[in-house]
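Me: I would like to learn how to read side-chain contacts. Please take me through them step by step.

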Amino acid sequence: IKMNLHRTITLDETAKKVFLSPYYFSKLFKAETGITFVAYVSQQKMVQATELLRHSDLSISQIAKSLGFNQTSYFSRIFKKEYAMTPKEFRSFSKR
């Protein structure tokens, strides 16, 4: 998953790669991690976003695209939901 954060990662595609049904893979994944597959992928993308915001000069739009988001506004909304601040606010706060 971490090697493919630059694109959309689906439950169906991932389940196929491990030769399981999406339903069974989803149940196993949640039992092992405590969160859903979709939540985990989103969480990993947000962790990568924080690293890029802290340690790169890429624009927020470039970061969103590099993490497989087609719309910067959607990326910002997901980021704000996870960290209670916008990517721009996070970058300003982390550079203090």
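Reply: Start with ring pairs: rings of Phe, Tyr and Trp (its six-membered ring) pair if their centres lie within 6.5 Å; planes under 30 degrees apart count as stacked, over 60 as edge-to-face and the rest as tilted. The count here is 10 aromatic pairs. In one, the centres of the Phe29 and Tyr40 rings are 5.3 Å apart with planes at 70°, so this pair is edge-to-face. This is a predicted model, where local features need pLDDT of at least 70, side-chain atom pairs count only at pLDDT 80 or more, and totals for chains, interfaces and linings use all residues. Residues are numbered from 1 along each chain as its sequence is written, and side-chain values use heavy atoms, with hydrogens and water left out.

Me: Is Phe29 buried or exposed?

Reply: Buried means under 20% relative accessible area, exposed over 50%, partly exposed in between (1.4 Å probe, protein chains only). Phe29 has 12% relative accessibility, so Phe29 is buried.

Me: Which residues form a cluster through ring pairs?

Reply: Phe69, Tyr74, Phe75, Phe79, Tyr83 and Phe90 are linked this way. Of these, Phe75 and Phe79 are both buried.

Me: How many salt bridges does a search of the whole structure find?

Reply: A salt bridge is a side-chain nitrogen of Lys or Arg within 4 Å of a carboxyl oxygen of Asp or Glu. The search finds two. Glu13 meets Arg7 at 2.5 Å, N to O. Glu13 is partly exposed at 24% relative accessibility, and Arg7 is partly exposed at 28%. Glu51 meets Arg54 at 3.3 Å, N to O.
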